[in-house]
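Please examine the sequence and the model shown below.

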Amino acid sequence: MEIVFIRHGQTDVNKDNRIQGAQVDAELNDYGREYAQKAAKNFDESQFDVVYSSPMKRAVETAEIFTKGQKQIKLDDRLLEFDFGDWDGKKMADLAKKYPDVMDPWGKVNRNYVKYAPNGETYEEFDQRCGEFLDEMYHKYSDKKVLVVAHGRLIRMMTAHYLTNGDMDKIDTMNNSALTKFSVRAGIPRLIYYNRLLA
């Protein structure tokens, strides 16, 4: 199986450096839309046998842009972004000031955030749903090419599931509209590239 992940285009929530998890269903902003269209010109959707997307607006629109209306897009709730619970939509700078112990050296929220964020998803729960999705993809499409359009943190965890036993803190966040590719043979995943930009 070859599986390629695309992170959705930029939204105003990204631009404002606010937390954009499963409860923030933002649309692409003008820049995000234009950049995704520019990148999609250098992307060959015809090589993929199946396309999956998070059901969130920002992912679906990005999937439509990259597939150019040529592919059916299957929506899957397991591809929803990480659920930050009550922290969704809050400004990162405010959280960093108030809870410095849950910010990593790159300015991202680490696994300990659940101490302060009611109803937040744990890394273990997140890894489990990502792993279930990846296992199903390999079971169904072991000799196919799969395209998945989703979210920055989710793609980090998909990568972590394959490479670091679910330790997402070891994986950087991809840029908007960037691509990551894995090749999986005999159940063994290999990273081909991470955070590739097409424009």
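Which residue in β3 does Y52 stand opposite? Y52 stands opposite K74.

This is a predicted model, in which local features need pLDDT of at least 70, side-chain atom pairs count only at pLDDT 80 or more, and totals for chains, interfaces and linings use all residues. Residues are numbered from 1 along each chain as its sequence is written, and side-chain values use heavy atoms, without hydrogens and water.

**The sheet**

Six strands form an open sheet in the order β3-β2-β4-β1-β5-β6, with mixed pairing. Strands (E, at least two residues) and helices (H or I, at least four) are DSSP runs numbered from the N terminus, and two strands pair if DSSP finds at least two bridges between them. The edge strands, β3 and β6, each pair on one side only. Strands β2 and β3 run parallel and are joined by three bridges. From one strand to the next, the twist averages 20°.

| Strand | Residues |
|---|---|
| β2 | 50-53 |
| β3 | 73-75 |
| β6 | 188-196 |

**The largest pocket**

The largest pocket has a volume of about 330 Å³. On a 1 Å grid over the protein atoms alone, a pocket is an open set of points where a 1.4 Å probe fits, with protein on both sides within 12 Å along at least five of seven lines; lining residues have an atom within 4 Å of a point. The volume is the space filled by probe spheres set on the points, which are joined across faces, edges and corners. Of its 17 lining residues, R7, N14, R18, Q20 and K108 are the closest to the centre. Helix α6 gives the most to this lining, with three residues.

How values were computed: Axes fitted to C-alpha atoms, helices over the stretch in contact; angles between N-to-C directions.
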